[in-house]
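Trainee: I would like to go through this model step by step. Can we start with the overall fold and then turn to single residues?

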Amino acid sequence: MGTIEIDGFEELEQALQEMTITEADEKRAMKKALEPIYEEVMRNAPESKGNLKRQIKTSVKREDFSTVGKVRLGVWYSKFNEFGTSQSKKNVGFFERSVNSTKDQAIKILTEELLK
């Protein structure tokens, strides 16, 4: 019977081991990727009394087997600004528009940080 012999596997194995990404690397990359989204949400947030802007927070956590980054509007009335009320609809969708306009930039930053 014939045998198959593979040369150079050691270099491939070493390259794969060097590509290992730690949890700290993941969190650092996620924090950098959230920056443009956070800045855009801050720029577009309505300024009624200024409390909404002070309550916008970012967080990066480890959930199950993935690293999750979140930008949150921390006050209870933020949903009324995002979705509107029967009386006021002038700020409807500011959060969604902010996230959608910067998501490509955030993904680009994330891939650059993880693959460097």
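Trainee: What pattern does the chain follow, read along the sequence?

Mentor: This is a predicted model. Its secondary structure comes to five helices and two strands. In sequence order, the pattern is α-α-α-β-β-α-α.

Trainee: Is the chain a compact globule or more spread out?

Mentor: The C-alpha trace spans about 80 × 25 × 25 Å along the principal axes. For 116 residues the globule rule gives 13 Å, and the radius of gyration is 21 Å, well over that value, so the chain is more spread out than a compact globule.

Trainee: What share of the residues in the chain count as buried?

Mentor: The cut-off for buried is a relative accessible area under 20%. Of the 116 residues, the share that counts as buried is 25%.

Trainee: Among contacts between residues at least 6 apart in sequence, what share join residues at least 24 apart?

Mentor: A contact here requires heavy atoms within 4.5 Å. Among contacts between residues at least 6 apart, the share joining residues at least 24 apart is 55%.

Trainee: Are H2 and H5 roughly parallel or antiparallel?

Mentor: Helix H2 covers residues 23-44 and helix H5 covers residues 94-115; their axes come within 8 Å and cross at roughly 155 degrees. Angles over 145 degrees count as roughly antiparallel. That makes the arrangement of H2 and H5 roughly antiparallel.

Trainee: Is the crossing of H2 and H5 left-handed or right-handed?

Mentor: Two packed helices are described by the angle between their axes and the distance between the axes. Handedness is a further property, and for the crossing of H2 and H5 it is right-handed.

Trainee: How many nonpolar, polar and charged residues does the contact of H2 with H5 have?

Mentor: The H2 side includes Ala29, Met30, Ala33, Ile37 and Val41, and the H5 side includes Phe94, Phe95, Val99, Ile109 and Leu110. Charged residues also take part, among them Asp25, Glu26 and Lys32 in H2 and Glu113 in H5. By class, the contact has 13 nonpolar, five polar and five charged residues.

Trainee: How far apart in space are threonine 22 and leucine 114?

Mentor: Threonine 22 lies in the loop between helix H1 (9-18) and H2, and at a relative accessible area of 40% this threonine is partly exposed. Leucine 114 is one of the H5 residues that meet H2. Threonine 22 and leucine 114 are 92 residues apart in sequence, but C-alpha to C-alpha their distance in space is 9.8 Å.

Trainee: Is valine 75 buried or exposed?

Mentor: Valine 75 sits in the loop between strand S2 (66-73) and helix H4 (78-83). Leaving aside neighbours within four places in sequence, valine 75 is in contact with Asn51, Leu52 and Gln55. The relative accessible area of valine 75 is 14%, which means that valine 75 is buried.

Trainee: Which residues is asparagine 51 in contact with, leaving aside its neighbours within four places in sequence?

Mentor: Asparagine 51 is found in helix H3 (residues 51-54) and counts as partly exposed at 30% relative accessibility. With those neighbours left aside, the contacts of asparagine 51 are Val75 and Tyr77.

Trainee: What value does phi of aspartate 64 take?

Mentor: Aspartate 64 lies in the loop between strand S1 (56-63) and S2. With a relative accessible area of 74%, aspartate 64 is exposed. Phi is positive in this residue other than glycine, with a value near 55 degrees.

Conventions. Residues are numbered from 1 along each chain as its sequence is written. This is a predicted model: local features need pLDDT of at least 70, side-chain atom pairs count only at pLDDT 80 or more; totals for chains, interfaces and linings use all residues. Side-chain values use heavy atoms; hydrogens and water are left out. Axes are lines fitted to C-alpha atoms, for helices over the stretch in contact, and angles run from 0 to 180 degrees between N-to-C directions. Helices (H or I, at least four residues) and strands (E, at least two) are DSSP runs, numbered from the N terminus. Angles under 35 degrees count as roughly parallel, over 145 as roughly antiparallel, 65 to 115 as roughly perpendicular and the rest as oblique. A crossing is left-handed if the near helix is turned anticlockwise from the far one by less than a right angle, and right-handed if clockwise. The radius of gyration is taken over C-alpha atoms; the globule rule is 2.2 Å times the number of residues to the power 0.38. Buried means under 20% relative accessible area, exposed over 50%, partly exposed in between (1.4 Å probe, protein chains only).
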